[in-house]
Amino acid sequence: MVSPTATIATAVLSGVLACSAGGSAVSAADRKPDVRKVDAKKIEFFESKIRPLLLARCGTCHGAKKQERGLRVDQRQRLFRGGESGKAIEHGKPGASLLLKRVTARGDEQMPPKTRLKDSEIAALRQWVADGAVWPVATGAESSRGDDVDGVDEVIAPNAPELAKSLKLWLRADTLQVADGGEVVAWPDSSGRGHDLTITRGVRKAGTGTAPQLVKKSKVNGGPAVRFTHGNGLAASPDRSLGLTGDADFTVVLVGQYVHDTSRTYESILMVGNPGPARNPEKPLSILIELETGPKQLDLAGGFSHDASMGPGSAQVLYDQPNILIITRKKGPWTPGARFWLNGESSQQVWGRDPVGTSVVPDVQMRPEHGVALGSPQQWAAGFQGDLAEVIVFDRVLTDRQRRGLEAELAVRHGVEIPRMYLASTREFTDKEKNYWAFRPVKSPAIPKVADADRVVSPIDPFVQSRLKAVGLEPSPRADRLTLIRRVTFDLTGLPPTPKQIDAFLADGRSDVEALGVVVDGLLASPRYGERWARHWLDVVRYAESTANDGNAVMRYAWRYRDYVIKSLNTDKPYSEFVIEQLAGDLLPGKTGQARVDAVVATGLLMLGPKALAETDKEQSRLDIVADQLDVTGRAFLGLTIGCARCHDHKFDSIPTVDYYSLASIFRSTEVFQDENRNATMFQEWNLEVDGLKPVMVMAPVEYRPVTLRVHRRGDRKNPGVFAPRRFLQVIAGEGHQPLRTRQSGRLELARWIASPENPLTARVLVNRVWQNHFGTGLVATSDNFGNRGELPSHPALLDWLAADFVENGWSIKSLHRRIVVSNTYMQASRGATKSAAAARRVDPDNRLMWTMPLERLDAEALRDAVLAVSGRLDLTPGGSETGEFLYERGQVIDQKRPTFRPNRVRSDDPFYSDSRRRSVFLPVVRNAMPDILALFDAADPNGIVARRNDTTVPSQSLFLLNHPFVLENSRALATRILSSPAADETARIALAYRLAVGRSPRPVEVKRVSEFLAAEVAGETKGTPEEKRLVAWTGFAQTLFCRNEFLYLK
Amino acid sequence: MPANLFPPLLHRRRALSRIACGFGATAAAAMLGEESAAAGVDPMAPKRPHFVPRAKRVIFLFLHGGISHVDTFDEKPELNKRNGQPVPFKKPDFEFAVTGNLLGSPWKFHSHGQSGLRISELFPRIGSVIDDVCVVNSISGGNEVSHGPACLRLNTGDGVLNRPSLGAWTLYGLGSDNRDLPGFITLTPSIYHGGTQNFGSAFLAASFQGTSIGDGNAEFPRTAAVSNVVPGRPRAVQRRQLDLLATANREYLVETGADARLEARIRAFETAFRMQTAIPEVFDLSQESKETLALYGIGGGPTDEYGRECLMARRLAESGVRFIQVNHSYPRNYWDAHGGLRANHSKNAMKIDQPIAALITDLKRRGLFDDTLVVLGTEFGRTPAAQGSDGRDHHPHAFSMLMAGGGVRGGMKYGETDEFGYYVAKNMVSIPDLHATILHLLGLDHQRLTFRHAGRDFRLTDVEGEVVREILA
């Protein structure tokens, strides 16, 4: 229906159009000359007051250049239509117009946000809208053709203004103040009409029925519901009629899931009126919603064989999954007036069973003892079995728009899938997008043929060498054995080789390749390997043991995750399993004993991020945690910056915003806090009980319930867009990828999708990470971004060959190391100042083609560990709870009621850090208080994902090496170690120091120089006995060894 | 063309960042020719701003906990008049705690200077220099109602995510003028409410992060509390060690071939050696005259500590430190007056009023005021409505800050709140606007100061920020 206002406006506008066209009077104007006259004034008002006002005060953000939130005020239609927040103007109703609401609002909603409109300006706008918001239609440029604001299902709550009047009953299980498993003796009506349902006590006059039970984690997607079994019944008083008597219009909505029980023929769910054996076959006397268990069909029964039914088999879906069932009925004959909607879809057909044809008009008659009832309010009423989460009754037929809006509301609230809602979330991609290099399937390419077979050790070599040859370059010669053993030992274990290991390798009579192979096998078998490579992974997953931000609360059990990573690497757990366990280990079936513990601990990945415990907007805080989980999932496993799509479609990659929210829906279905409403109560730390083992405290998320988020337009959750069903990235998952139907969160499905050999990214990203950590730079230099903004692979074929080989070898990371390390490419020398190097540098300055082995700085952990190892003080005790307990003990108890919530109190210069002799990976990792010793040398900042560390050279590092007690003490320890060694003379002692620190023997000139230094020190200003002076002198020399570039850099 | 193998990214800042990040350092240096040779490999080398700067350095006076605007710099007669009455409009959606009715200010406001700006009796000394100060009354901190996110938003632009701090961005953009001192120094920062993230460098190179001197837990140290700056051995011994080291490092360099990192590291040891002297020197307040010490209120009493910090800030500014943050912070100094507003603000104001006025006076007489931007800020204001009988809650929706010196107009007020100080009524200055303006005064265009990280160009102001031109001198 067209409103009177709109009619006038149309007339007015067409009149104006005629005028502005300058033609003679045309019909509209002829018919309403008075309107036209009035209008001239309004136009004048618009042109003089409103248009300039809109342009000046709103136009900067809502004009031709920018259209914040899709609103544009310089075009008539665009303003009338409004922006993402909705229609801007209700013609003639300033009070209802968003435009006026915004300019008069205070605080966040005020527009313009910075400087409030003057009262006179607001008054002008109000008058303009009240007068019908006249804006003459112009011709040419201004005549508008704007982009459509995306069409979205409205979400309409049962008590929305437009429905409130006809809402007669609204039962919500989530409002019940009953303990889990407790009896529901009364189910209060949330419609505000007082139709509370009770068992026999209370408002009812008579009847029977035992109390159903409240189930907090019901079959309705794990949300609260009232569980009925036969005999349970609730009913309201007959005195307060729902108004559904006589020939009534109605809409009944049931959200629930039912149990198929063949012991009964009929099972009654809801009844209004008199379904009993009233001896009047002429008219249906009740509204009865029941299940017919035989044919498995749902009926709307009118009593005494008057049935409208969804037809045989229709109930199966009611037994199989949670449902939103909506039944509407229009006045008039029973069967043709009824319609059924199951999860948003109209049932194919309504089957009629009226014994006397379709012309019977019902006459619903209220029973004397009760009104609307559920289950078995009378002994003779069959009752039903199942979970009801929500029951709504309206006394009229909802319009399609209203019904759809209501379905959307319920679907979101109960996690029920309504396929229609997701249509808008499906995206199509161009061939170019789909064929983006990193999204194409991995196919193992043929190994190129190269002429010089001598230089081929591993299949990776021909790939490298053919690229070099193409630009006229040669690989560098092989490095000497000393360089090789230092390189590979640091690389695989993060520690220097001992003189004994060096000697054995130098003396090995086998070929370089064979000898290296033996060494590599030994190193990979050492527990030190996992300790080293775990640190690389911990960088990527922002591992830390405190929450950062406001509380910086200690995460007491995070260390278990660290130890899990070390163990997984040491046991060469297939990477696919490693991935699945970290995302969904808790959901993996068939895990028992320690394997179950490990799998649950692995999900600590999802807990490790920074958390804002003091955030007052709890839902926002959860969404921020989801953002962190998505970021780590995207960048660590897939090499994609999915987080970019939180506020808008990804600007560079084919990730629409809806995909972000689809993944976010999966993670939002998982809970990281113990209490939904109180973050600071604590994140999830709980006692994991596994058969055969002692209970273990773990930090791991738990399943929540399936959640379907809506797109938050511009990242603002108060501005919802289309529904985002749980599913994967559409551009990769391909056409036909359906939303997840699982009753779990969907993490397991996501994890399996990521860890599948068919996923084009997972293996590529991992082999590239491993490559990066061996060579300093990945084949894809941006190792956490394989998207368009990342760099292209330097050797695409090699990347694919490695990825395919990796999957073929059972996702074995150790095999991958062997492929890479025992290769000619890895064994190349670091070419210094030679002529050929200069030439190569001109062609390929960044060494992307790998014509040499780059000089690599030890990372912070390797530096610290090497100092300890060389000084002979390194403690190789593996893992354990030391860090967690240390942080926890030192943490501040701020609330005796919450003793486990402890803000960190360990500082970056805590003596613990310099006193500890354990490997650096076992030092506490506290956000915002990283130990100086590691932070100075660019250790990963655990506030974010670090795909590749910085490599800075700054004087504060030198100050540390010159003056920090850690360095001074270890220098002294090294000096003591050398002086107490059996070395025969000073020359031998100097040689030993060199061999320990840099692996090689000193040149004679170096021995001479060091001798002179020592002599000068002994003769110098130090006081004490000769022994003391000697020790001081040697300490001074030892310290210079730790400071040397040769100590810090590896060839 | 061999260069086409992997198209080099010649955008200067990007190239520098690559150097800072250390990959392909030599190669990049070779590619860049003379410009990079001048810049060296040190990320802290001075860099040219985008345009002529008005300020060369920043002194950011941070008052932690949230200083009340309606009791200090934003006079609200209507609030006093309606003391005890309900707030006549909707309170914000985001509030930290429950508040009651309007609470008039217990302090009187007076006009000061030629400009006649009115500020409260809490700050008579600041009043005496008000003609040099721009009072911004329309700061909006968004919805960050908790200390942590609000501190992070003020200091890094984002309340939740890990982002580089304002000081780090400044160093990234401009480098440092004094290579023997850290370029970004923060005095007694709190280790809470974001802690080191408030002066961190996030994904920028670690060398851009602030060096903290002391923290909010203890009194401002009287010696140079810079890590590792006290020589571990006598200087003469260190000298011999460094000579031995330098010889070895030069030999190694011959072996490896030219490598910018190795060369930089040889220089870094020499710089470190000098820093051991330079830092204690700058921290030695005994070199200051009695008159100066008295000006700052140093020598006991409530003004002693913040006085020493402000004087230190001047000395650091003088020595070429780019960004100096002087914190009045938790737990020892805390403006978070949920209750006991009168006592809290009186006591705290007493501590800082004289030192801040002295800093402005001192900078002026030494000719440093014109190119030093002084900002007095807080993470949020406090509610015009009462919390309890004598308290105010957190209020990010409208509050005040002061700006002075380096290119800012003195003796002016900018922006207005409504009659109660609840919301911004005119000329809102958001935190990104504030950041954009500070960078602008330093000669940096906030839209051009970007860093590529995780596939995206990040800026301090993200997608927001407008320079507040009206306050520029």
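Modeller: The model is a predicted one. Between the two chains, 81 residues of chain A are in contact with 81 residues of chain B. On the chain A side, the elements that each give two or more residues are α21 (618-638), α29 (835-843), α33 (932-935), α34 (955-963), α37 (1004-1019), α38 (1026-1043) and α39 (1045-1048). Of these, α34(A) gives the most, with seven residues. Sorted by type, the residues on this side of chain A are 25 nonpolar, 28 polar and 28 charged.

As for the domains, the assignment for chain A lists domain 1 (4-142), domain 2 (161-172 + 240-381 + 390-412) and domain 3 (957-1050). The centres of domain 2 and domain 3 of chain A, taken over C-alpha atoms, are separated by 91 Å.

A contact inside chain A can be set beside this. Helix α13 (residues 460-470) and helix α26 (residues 796-808) of chain A have axes that come within 9 Å and cross at roughly 175°. Angles over 145 degrees count as roughly antiparallel, so α13(A) is roughly antiparallel to α26(A). From α13(A), the residues I460(A), F463(A) and V464(A) meet A797(A), L798(A), W801(A) and L802(A) of α26(A). The residues of this helix contact comprise seven nonpolar, no polar and no charged, while the side of chain A that touches chain B has 28 polar and 28 charged residues along with its 25 nonpolar ones.

Note on methods:
Residues are numbered from 1 along each chain as its sequence is written. Chains are lettered from A and ligands numbered from 1 in the order in which they are written. This is a predicted model: local features need pLDDT of at least 70, side-chain atom pairs count only at pLDDT 80 or more; totals for chains, interfaces and linings use all residues. Two residues are in contact if their C-beta atoms, placed from the backbone, lie within 7 Å. Helices (H or I, at least four residues) and strands (E, at least two) are DSSP runs, numbered from the N terminus. Ala, Val, Leu, Ile, Met, Phe, Trp, Tyr, Cys and Pro count as nonpolar, Asp, Glu, Lys and Arg as charged, and the others, Gly among them, as polar. Axes are lines fitted to C-alpha atoms, for helices over the stretch in contact, and angles run from 0 to 180 degrees between N-to-C directions. Angles under 35 degrees count as roughly parallel, over 145 as roughly antiparallel, 65 to 115 as roughly perpendicular and the rest as oblique. Domain bounds come from an automatic or database domain assignment.
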